[in-house]
Amino acid sequence: MALVASGSAQANQTISNADLSERVQTSDEWIRTRTGIQSRRVSTPDESLNDLAIRAGAKALEMAHWEPDTLDMVLLATSTPDDLFGSAPKVQAGLKAHNAVAFDLTAACSGFLFALVTAAQYLRTGAMQRVLVIGADQLSRFVDWDDRSTCVLFGDGAGAVALEATSAEADGLLGFRLRSDGSRGHSLTLPQIPTSLPLVNTTRHQCGGYLPIQMNGQEVYKFAVREVPAILKELLEQTSTTPEQLDWLLLHQANQRILDAVADRFSIPHSKVLSNLANYGNTSASTIPLMLDEAVRDGRVAPGHLLASSGFGAGLSWGAALLRWQGPA
Ligand code: UT7
């Protein structure tokens with residue numbers, strides 16, 4: 001599997017820390033020092049998840065110089081679909097990828113990494129030749145904008161990568177590890193509203209709908225700074241790679257302190273840590289491809305570069321992948 005091209009899309013509105021301090025009791029200083037975030041992008045009411053995903057996917061196809069109907073699959077990693085039955089088919093139609101099967105994959109902030117590894121299996125078996133993996137989320141729909149402990153952290157966005165089948169020697173997914181632990185899932189949830197309504201006679205039914213994001217920030221922080229270094233260590237051992245060989249560390253963008261702590265654990269200089277969360281906050285499944293696309297387009301990530309990536313978040317779920325960026329032909 002080769003990583004051929006990338007694309008991304010930003011939501012239309014920019015909300016600064018100062019803007020948020022007009023809504024909740026917070027300050028630019030608190031948000032910057034605790035998280036590294038300075039502003040985030042929030043979708044307007046007329047901007048759908050599908051819009052973001054289609055824009056990001058189209059840019060990746062353009063960079064790859066691929067006609068949309070040459071795609072075999074569109075895999076959409078999202079926890080915030082426009083339609084609970086699945087948003088990927090609408091994205092497939094919007095991209096005019098008429099020959100592609102399309103479905104959603106949900107694994108919160110690990111979604112993109114899980115989708116990338118899933119896509120690789122189809123490409124490696126020869127079942128497919130070209131796949132578009134999109135990570136897109138609009139957590140702004142599910143944030144309680146009056147809860148300062150969560151609303152300052154999240155934003156909306158989308159990122160995409162175009163993947164192509166390749167020989168085993170040229171495979172750009174050099175190794176991966178994926179983990180889940182539902183027994184710790186309570187520390188970050190977007191749960192159903194518990195309901196019990198009369199149906200007929202003595203029967204009752206539930207009613208669909210979600211509570212805002214619930215998070216124990218300290219628990220999630222401890223989980224991230226323990227599990228991300230551990231899984232990266234396993235990945236480096238599995239692939240006989242040293243931290244010095246890495247060109248970039250490409251982590252899920254949740255908190256600058258987490259990025260710095262993980263880099264320090266491996267003595268990776270902070271100049272090799274890709275970070276854009278100052279401008280976007282945590283955009284869930286989209287952080288990794290959004291960051292990758294930015295770094296590809298400004299030339300930091302170049303063909304042949306080796307990246308260690310790790311996603312982590314609700315589930316709990318986490319994973320790591322060693323990637324070699326190929327770029328377009
Ligand atoms: O994809 C995974 C998603 N989630 C994460 O990765 C989140 C991981 N966790 C974190 O990044 C950090 O735990 C946070 C940034 C969420 C919070 O930082 P913290 O250093 O763990 O702060 P805290 O929760 O211990 O709160 C410290 C204080 C509290 O006040 P008291 O009790 O000490 O008086 C909070 O009430 O800061 C207060 N606080 C705020 N103050 C100003 C919490 N949120 C805010 C805020 N503005 N927005």
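At what angle do the axes of helix 7 (residues 217-238) and helix 8 (residues 256-265) cross, and within what distance do they come? In this predicted model, local features need pLDDT of at least 70 and side-chain atom pairs count only at pLDDT 80 or more, whereas totals for chains, interfaces and linings use all residues. Residues are numbered from 1 along each chain as its sequence is written, and side-chain values use heavy atoms, with hydrogens and water left out.

The axes of helix 7 and helix 8 cross at roughly 35 degrees and come within 10 Å, where axes are lines fitted to C-alpha atoms, for helices over the stretch in contact, and angles between N-to-C directions run from 0 to 180 degrees. Helices (H or I, at least four residues) and strands (E, at least two) are DSSP runs numbered from the N terminus. The crossing of helix 7 with helix 8 is right-handed, the near helix being turned clockwise from the far one by less than a right angle. Tyr 221, Ala 224, Val 225, Val 228, Pro 229 and Leu 232 of helix 7 meet Arg 257, Ile 258, Ala 261, Val 262 and Arg 265 of helix 8, contact meaning heavy atoms within 4.5 Å. This contact between helix 7 and helix 8 comprises nine nonpolar, no polar and two charged residues (Ala, Val, Leu, Ile, Met, Phe, Trp, Tyr, Cys and Pro count as nonpolar, Asp, Glu, Lys and Arg as charged, and the others, Gly among them, as polar).

Helix 3 (residues 49-64) and helix 4 (residues 88-95) pack with their axes 9 Å apart and at an angle of about 50 degrees, and are therefore oblique to each other (angles under 35 degrees count as roughly parallel, over 145 as roughly antiparallel, 65 to 115 as roughly perpendicular and the rest as oblique). Helix 3 crosses helix 4 in a right-handed sense. Asn 50, Ala 53, Ile 54, Gly 57, Ala 58 and Leu 61 in helix 3 meet Lys 90, Val 91, Gly 94 and Leu 95 in helix 4, a set divided by class into six nonpolar, three polar and one charged residues.

Two backbone features fall in loops. A cis peptide bond with omega of about -10 degrees joins Gly 315 and Leu 316, and Leu 316 is placed between strand 14 (306-313) and strand 15 (317-324). Ala 108, although not a glycine, has a positive phi of about 50 degrees and lies in the loop between strand 5 (101-105) and helix 5 (111-124).
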